[in-house]
Amino acid sequence: MDSNDSEAVLAIYQEGLDTGLASFETSAPLWPAWDQKHLDHPRLVFEAQPIIGWAALSPTSDRHVYRGVAATSVYVGERNRGLGIGSQLMRAIVEESEAKGIWTLQASIFPENTSSVELHLLYGFRIVGTREKIALLDGVWRDTLLLERRSHEEHT
């Protein structure tokens, strides 16, 4: 993924936001804000001309001790969901994260987003807890599940 992919990435992100199941955000940010929020690598796109999905990681903290902990984002365009694209992106982001020295991947997912929960569980994430009524979305208090995946690689 690079800045040339920004329009497609943000459009797919907005499709996810429009479901009300993807994030507490309701509108995709401008590219500079999105770019600053995510790690430089790995950033992946599923290129089927046009781009139909993407995956990226965000740091969970700027403290050095958490340099190997990142949050996952995996999004697939509305017309291409249910075709295994999310699975391919998740597999790739897990592999790339391990190559980059990431030892823990985290995800915060609405419990109602069962396809995302199942995808994360399939790739070795485990549910570590429920954050009850953690924030408001459209005036409604929502829960999120906190999931994490520990790397099997040895990291220092």
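## Overall fold

Read along the sequence, the elements of the protein chain come in the order α-α-β-β-β-α-β-α-β-β. That pattern holds four helices and six strands. The radius of gyration of the protein chain is 15 Å, close to the 15 Å that the globule rule gives for 156 residues, so the chain is as compact as a globular protein of that length. The model is a predicted one.

Along the principal axes, the C-alpha atoms of the protein chain fill a box of roughly 40 × 40 × 30 Å. Of contacts between residues at least 6 apart in sequence, 58% join residues at least 24 apart.

## Surface and charge

Buried residues account for 41% of the 156 residues in the protein chain. The chain exposes about 9,000 Å², and carbon and sulfur atoms supply 48% of that area.

The protein chain has 14 positive and 22 negative charges. The mean position of the positive charges and that of the negative charges are 6 Å apart.

Helix α4 spans residues 114–122, and its buried residues are S116, V117, L119 and H120. They cover an arc of only 160° around the axis, which puts them on the same side of α4. An α-helix has 3.6 residues a turn, so residues three or four places apart point the same way.

The face turned away from the buried side of α4 carries S115, E118 and L122, which are exposed. On the buried side, the cover includes the strands β3 (69–76), β4 (104–109), β5 (126–137) and β6 (140–150), together with helix α3 (85–99).

With a relative accessible area of 14%, N113 is buried, since buried means under 20%. Leaving out residues up to four places away in sequence, N113 touches L21 and A22. Just after α4, G124 takes a positive phi of about 90°.

H38 belongs to the loop between α2 and β1. Its relative accessibility is 7%, so H38 counts as buried. Not counting residues up to four places away in sequence, H38 touches R43, A56, L57, S58, P59 and S73. From H38 to M90 there are 52 residues in sequence and 16 Å in space, C-alpha to C-alpha.

S73 lies in strand β3. At 16% relative accessibility, S73 also counts as buried. Apart from neighbours within four places in sequence, the contacts of S73 are H38, W54, A55 and A56.

## A cis peptide bond

The loop between α2 (31–37) and β1 (43–47) also contains P42. The peptide bond leading from H41 to P42 is cis, and its omega is near -5°.

## Exposed residues and positive phi angles

K133 is placed in strand β5. K133 is not a glycine, yet its phi is positive, at about 45°. Its relative accessible area is 57%, so K133 is exposed, the cut-off for exposed being over 50%.

D138 is found in the loop between β5 and β6. Its phi is near 55°, again a positive value in a residue other than glycine. At 71% relative accessibility, D138 counts as exposed.

R63 sits in the loop between β2 (51–59) and β3. Its relative accessibility of 51% makes R63 count as exposed. R63 and F125 are 62 residues apart in sequence, and their C-alpha atoms are 23 Å apart in space.

How values were computed: Residues are numbered from 1 along each chain as its sequence is written. This is a predicted model: local features need pLDDT of at least 70, side-chain atom pairs count only at pLDDT 80 or more; totals for chains, interfaces and linings use all residues. Side-chain values use heavy atoms; hydrogens and water are left out. Helices (H or I, at least four residues) and strands (E, at least two) are DSSP runs, numbered from the N terminus. The radius of gyration is taken over C-alpha atoms; the globule rule is 2.2 Å times the number of residues to the power 0.38. Buried means under 20% relative accessible area, exposed over 50%, partly exposed in between (1.4 Å probe, protein chains only). Contact means heavy atoms within 4.5 Å. Accessible areas come from the Shrake-Rupley method with a 1.4 Å probe; for residues, only the protein chains shown count as cover. Lys and Arg count as positive and Asp and Glu as negative; His and the chain ends are not counted. The place of a charge is taken as NZ of Lys, CZ of Arg, CG of Asp or CD of Glu. The arc is that of the directions from the helix axis to the C-beta atoms.
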